[in-house]
Amino acid sequence: MEFQSCFDIIGPVMVGPSSSHTAGAVSIGRFTYELLGGCKPEQVRITLYDSFAQTYQGHGTDKALLGGLLGMGTEDVRIKDALAIANAENIDYQFLLEKDQCPYYDHPNTVIIVAEAGYRHVKVGGVSLGGGLSHIFFINDAETTIRLSTDDDFRSICNRLPLYMLTNEKKEV
């Protein structure tokens, strides 16, 4: 069961409009940021599937994911300016839209992020579940099950990951 308290259903303090399309997306981006050692990516490819691909601009999912990748939290008011901030910081980002279901995970709010910062390269598969909850289902092609709540310490979670998930060959971005 993903929801463990009434606050998981109500959702977090956040910049909206949607806990599943915004808050959960920020968490997936922020988790990836922490996997990069707390560094902003220099290059990132974000593949959105299904509902995420169809509504990403209207619900601000693009800004939420980039905001998280820039190290912002769900309550950060700069999320609405994340695209402009990423452009100003010369982050090479690209959104790819897949109208169909993700081949790796069966959920309409699924994203695959491939990012690099310096010598660090990560590939993260995540899904936003609603209420600000997210689920990371793979890291660098290794399957995993990591439940994220917006209140979690993402750096601490990343520091406890097994080494084989963090070591990888350079992924095409």
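Arg 155 forms a salt bridge with Glu 34, and their closest N and O atoms are 2.9 Å apart. This pair connects distant parts of the chain. Arg 155 sits in helix H6 (residues 154-159), Glu 34 in helix H2, and 121 residues separate them. The model is predicted.

Glu 34 is buried, with a relative accessible area of 8%. Arg 155 is partly exposed, at 45%. Arg 30 joins them: salt bridges with shared partners make one network of Arg 30, Glu 34 and Arg 155.

## Salt bridges

The chain has 6 salt bridges. Three of the pairs are set out here.

| Pair | Closest N to O | Relative accessible area |
|---|---|---|
| Arg 155 and Glu 34 | 2.9 Å | Arg 155 45%, Glu 34 8% |
| Asp 76 and Arg 78 | 2.7 Å | Asp 76 14%, Arg 78 43% |

Lys 123 belongs to strand S4 and Asp 141 to the loop between S5 and S6, so their bridge ties together parts 18 residues apart in sequence. Side chains of opposite charge can pair when their charged atoms come close.

## Overall layout

The chain holds 7 helices and 6 strands. From the N terminus, the order of elements is α-α-β-α-α-α-β-β-β-β-β-α-α. Of the 173 residues, 53% are buried. The accessible surface comes to about 8,200 Å², and carbon and sulfur atoms account for 47% of it. Among contacts with a separation of 6 or more, 67% are between residues 24 or more positions apart.

## The sheet

The 6 strands form an open sheet with mixed pairing. Their order is S2-S1-S3-S4-S5-S6. S2 and S6 stand at the edges with a single partner strand each, so one side of each has no neighbour in the sheet. From one strand to the next, the twist averages 20°.

Strand S4 (residues 120-130) runs antiparallel to S5, and 6 bridges join the two. Gly 130 stands opposite Leu 133 in S5.

## Helix H4 on the sheet

Helix H4 lies across strand S1 (43-49), S2 and strand S3 (110-117). Its direction is at about 145° to S1. Of its 9 residues (61-69), 8 are buried, so H4 is largely enclosed by the rest of the structure. The buried set is Thr 61, Asp 62, Ala 64, Leu 65, Leu 66, Gly 67, Gly 68 and Leu 69. Gly 71 follows H4 and has a positive phi, near 95°.

## Nonpolar cores

Which residues have the most contacts inside the largest nonpolar core? They are Phe 31, Ile 46, Leu 48, Leu 65 and Ile 113, in a core of 39 residues. Helix H2 (residues 19-35) gives the largest share of this core, 5 residues. Another core lies apart from it, with 7 residues, among them Cys 102, Ile 112, Val 127 and Phe 137.

Ile 46 shows the packing in detail. Neighbours within four places in sequence are left aside here. Ile 46 is in contact with Leu 65, Leu 66 and Leu 69, among others. Its contacts also include Gln 94, Phe 95 and Leu 96, as well as Val 111, Ile 112 and Ile 113. In soluble globular proteins, nonpolar side chains tend to be buried together.

## Positive phi outside glycine

Two loop residues stand out by backbone angle. Asn 90 has a positive phi of about 55° although it is not a glycine. Asn 90 lies in the loop between helix H5 (82-88) and strand S2 (92-98). Asn 90 is exposed, with a relative accessible area of 68%.

Asp 141 is the other case: its phi is near 70°, again positive in a residue other than glycine. Asp 141 sits in the loop between strand S5 (133-139) and strand S6 (142-148).

Note on methods: Residues numbered from 1 in each chain as written. Predicted model: local features only at pLDDT ≥ 70, side-chain atom pairs only at ≥ 80, totals over all residues. Heavy atoms only, no water. Buried < 20%, exposed > 50% of the residue type's maximum accessible area, 1.4 Å probe, protein only. Helix = DSSP H or I, 4+ residues; strand = E, 2+ residues; numbered from the N terminus. Contact = heavy atoms within 4.5 Å. Areas by Shrake-Rupley, 256 points an atom, 1.4 Å probe, with all protein chains shown as cover. Core = buried A, V, L, I, M, F, W, Y, C linked by side-chain atoms within 4.5 Å. Pairing = 2+ DSSP bridges. Axes fitted to C-alpha atoms, helices over the stretch in contact; angles between N-to-C directions. Salt bridge = Lys/Arg side-chain N within 4 Å of Asp/Glu carboxyl O.
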